[in-house]
Number of protein chains: 2
Amino acid sequence: MQRCDALARHSELPGGLTRVFLSPEFRAASEAVLGWMREAGMQARVDAIGNVVGRYEGSRPGLPCLMLGSHLDTVRDAGKYDGMLGVVSAIDCVHALNAAGRRLPFAIEVLGFGDEEGVRFGTTLLGSRALAGTLDPKVLETRDAAGKSIAEALRAFGLQSDHLGSVARRKGDVLAYAELHIEQGPVLEAEGLPVGVVSAINGFTRLRVTLRGEAGHAGTVPMNLRRDALAAAAECVLAVENISRTHRELVGTVGRLEARPGAINVIPGEVQFTVDVRAPDDRLRIQAAASIESEIRRISRERKIQYDVEALQAFGSSTCALWLMEQLERAVQAQGVRALRLPSGAGHDGMAIKDIADIAMLFVRCKGGISHNPAESITEADAGTGARVLLHFIERFAPAIPA
Amino acid sequence: MQRCDALARHSELPGGLTRVFLSPEFRAASEAVLGWMREAGMQARVDAIGNVVGRYEGSRPGLPCLMLGSHLDTVRDAGKYDGMLGVVSAIDCVHALNAAGRRLPFAIEVLGFGDEEGVRFGTTLLGSRALAGTLDPKVLETRDAAGKSIAEALRAFGLQSDHLGSVARRKGDVLAYAELHIEQGPVLEAEGLPVGVVSAINGFTRLRVTLRGEAGHAGTVPMNLRRDALAAAAECVLAVENISRTHRELVGTVGRLEARPGAINVIPGEVQFTVDVRAPDDRLRIQAAASIESEIRRISRERKIQYDVEALQAFGSSTCALWLMEQLERAVQAQGVRALRLPSGAGHDGMAIKDIADIAMLFVRCKGGISHNPAESITEADAGTGARVLLHFIERFAPAIPA
């Protein structure tokens, strides 16, 4: 809990928590984590995509690893546990092993992924995709609001983006990936359980929509001659909401919206906004995204607005491996807790890691299901249960028998 | 057209047009205008607030005047016609009278107002307010970005700001004020008309609205548990549009909108936006603003959103005098042009002059309604029609019978 508090102080602005990928505060948080890793007996470094990587060798050097961890970036005005709790819990587990002088028949790597939330560049899972070797180098040309590309930001951070290949792992090198994370939903609280085992991570589709109308004097252009990009965007926002309400398991969100030029007496000529659609069922999600795009087309045509819909990212739903779920469930039960399986509405780095290794996740209960919000809250007791389950899981981890 | 081009060369920076009140380029433009006034047979001078004033006596010296003109200052990166066209057209009309040796039963004064846009000091209509005797001398303490007060700038320009009283006119001295100006809107272009008669300079109401819902994770919060501030704001934007569409002369604009925290995967918890409502009829505008506020209240209640509406600024409408509109309309029809009445969405010096004299305005069509922009454009033919209408109006001007 103290380490989550300490990391939360590395923020863009005081009085809240915002820490985007490759920012000065991101560097400070990474340095704190590197220190804790070394204290726990790990070799620690920052890789070429900005992930913090700690390695605790097994009974002999160079063994394949059990990979643990979570992410170190945050959304804007974030809570203190989303991401960070998984990193500090994994380090604590290694610390306990190291203090007991224990080496296991596999290495342990703890990852503090650099970009999971995707706040700065609008692209997510940069760190875990690079690790899985699935990050298209073209993505590094994506630019932030200030016009800086990922490649430029990496260079400014002192990293060599052309060494991206060095980050990628081979399949046999990672025996499994297990992530502890707060639930970010209300299920465990409703069930009265401190932890739960994730069955699958919902898929998502993300779009960036640009609407171009015509800027004009707010006093002189009559309503019927306007091509107001913000009024068009407002209709689109409500269309996203209406379509997402058609199915209980579907959610859709417009999280960012920027209107230009943005003066009180000027009709907005251009608006850009994002759409995020999620569902456990890929078909449901794909259909909803198609309906949203078709509504944007209809609204733009009716309002004589030019529109552009850019597919930022789409991820299919990611199933957790049964053999890992079973081992996690035994670790949960060993703490005297009923083992409940539940899906994850949020995306996680496991969605990328699953391309090179089987994945598992342990959820820790959070208050009111609130997340991505300063009111994010967990109890010390639940954090303790989570860490003990994780340690139990690590100590008894048995790799899957290769097919 | 040549004189507008010539004035446009008096600019702060080459390659664009910026000419703020009491700047060296403002002096150069004023001197050019003084020269043209004298060429046209006028006595010309700069008054104590920096207005350029030309007087063409009537059939005998000292008669009350018909006042014409517009302003000589510009916005940043301005067009060549906003303001200047009205000054040079009025001078041209006097030139025609003088060339024909005609004297009218009233004097003509042409004003090149010094500060209409308010770019340098953030205060508008300095010249016309001083002329109307309504300029509070305290305003002269207002400072520009460099810390120089208006009073200091006037002194540096060689003017005596303590002589401000000498600028003010008495009610009977000015028979009427008529200003030719580019439309700055698209109505005349849409109607296929070179000129139009202004019915009123619209009043405006400006609001700042804040909506507070609850931020949350875009993947984990079901649609029916959300309090999305952006979805609520979208409904408000459409309400502003719908209410503003209920009357032909009403306009309403949401020009700025900011959604926080503004991340692709976070439900927006807070949105702030501005509303700008204008109408020629104050009651219509005040009712529209009240309807907008009531819709914001309804939407917020339905969505369990907290709202706050802050009144930023409100200005009553300035009606053009019917007897002047009728005389202008006859002058328009005399050119074979259908006389269309239209309101002015933008503010003008007449808003200040109306305190000492009835006012009228003639609008000249501009391309695409574009203004406050280097792309501001008019045709030579339309400028010619505007000047001929103004001359016809002057030649047949009949003062209102005093009540």
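With which residue does A:Arg278 form a salt bridge? In this predicted model, the partner is A:Asp276, and the closest N and O atoms of the pair are 2.8 Å apart. A:Arg278 and A:Asp276 are both buried. A separate set of residues, A:Arg212, A:Arg256, A:Glu258, A:Arg260 and A:Glu270, is joined into one network by salt bridges that share partners.

A:Arg278 belongs to strand β12 of chain A. Its relative accessibility is 2%, and because buried means under 20%, A:Arg278 falls in that class. A polar atom of the A:Arg278 side chain also lies 3.5 Å from the backbone oxygen of A:Gly345.

## Salt bridges between separate parts of chain A

Over all chains, the structure holds 59 salt bridges. One of them pairs the side chains of A:Arg76 and A:Glu12, at 3.3 Å from N to O. These two residues are 64 residues apart: A:Arg76 is in the loop between β3 (65-71) and α3 (84-99) of chain A, and A:Glu12 is in the loop between α1 (2-8) and α2 (24-39) of chain A. A:Arg76 is partly exposed at 26% relative accessibility, and A:Glu12 is likewise partly exposed, with a relative accessible area of 37%.

Another salt bridge joins the side chains of A:Glu235 and A:Arg303, at 2.7 Å from N to O. A:Glu235 lies in helix α7 of chain A and A:Arg303 in the loop between α8 (282-302) and β13 (306-315) of chain A, so the bridge ties together parts 68 residues apart in sequence. A:Glu235 is partly exposed, with a relative accessible area of 23%, whereas A:Arg303 counts as buried at 14% relative accessibility.

## The interface of chains A and B

Chain A contributes 55 residues to the contact and chain B contributes 52 residues. The area buried between the two chains is about 4400 Å², with 64% given by carbon and sulfur atoms. On the side of chain A, the residues that lose the most area to chain B are A:Met223, A:Ile264 and A:His372, together 16% of what that side buries.

Two salt bridges are counted between chain A and chain B. In one of them, the side chains of A:Glu241 and B:Arg303 meet at 2.7 Å from N to O. Helix α7(A) supplies the largest share, eight residues. By class, the side of chain A that touches chain B has 25 nonpolar, 17 polar and 13 charged residues.

Helix α7 of chain B (residues 229-244) has 16 residues and reaches 22 Å from its first C-alpha to its last. Of these 16 residues, 14 are buried. At the N-terminal end, B:Asp228 caps α7(B), with a side-chain oxygen 2.8 Å from the backbone nitrogen of B:Leu230.

Helix α2 of chain B (residues 24-39) reaches 23 Å, close to the 22 Å expected. Its buried residues include B:Phe26, B:Val33 and B:Trp36. The buried residues of α2(B) pack against α1 (2-8), β1 (43-46), β2 (52-56), α3 (84-99) and β4 (107-113) of chain B. Just after α2(B), B:Gly41 takes a positive phi of about 90°.

B:Ser318 lies in strand β14 of chain B and is buried, with a relative accessible area of 0%. Among the residues that B:Ser318 touches are B:Ala200, B:Met351 and B:Ile359.

Technical notes
Residues are numbered from 1 along each chain as its sequence is written. Chains are lettered from A and ligands numbered from 1 in the order in which they are written. This is a predicted model: local features need pLDDT of at least 70, side-chain atom pairs count only at pLDDT 80 or more; totals for chains, interfaces and linings use all residues. Side-chain values use heavy atoms; hydrogens and water are left out. Helices (H or I, at least four residues) and strands (E, at least two) are DSSP runs, numbered from the N terminus. Buried means under 20% relative accessible area, exposed over 50%, partly exposed in between (1.4 Å probe, protein chains only). Contact means heavy atoms within 4.5 Å. Buried area is the accessible area (1.4 Å probe) that two parts lose on being put together, summed over both. A salt bridge is a side-chain nitrogen of Lys or Arg within 4 Å of a carboxyl oxygen of Asp or Glu. Ala, Val, Leu, Ile, Met, Phe, Trp, Tyr, Cys and Pro count as nonpolar, Asp, Glu, Lys and Arg as charged, and the others, Gly among them, as polar. The expected span of a helix is 1.5 Å times one less than its number of residues. A polar contact is a pair of N or O atoms within 3.5 Å; within protein, one must be able to donate a hydrogen and the other to accept it, and residues adjacent in sequence count only if both atoms are side-chain atoms. Lists of a residue's contacts leave out its neighbours within four places in sequence.
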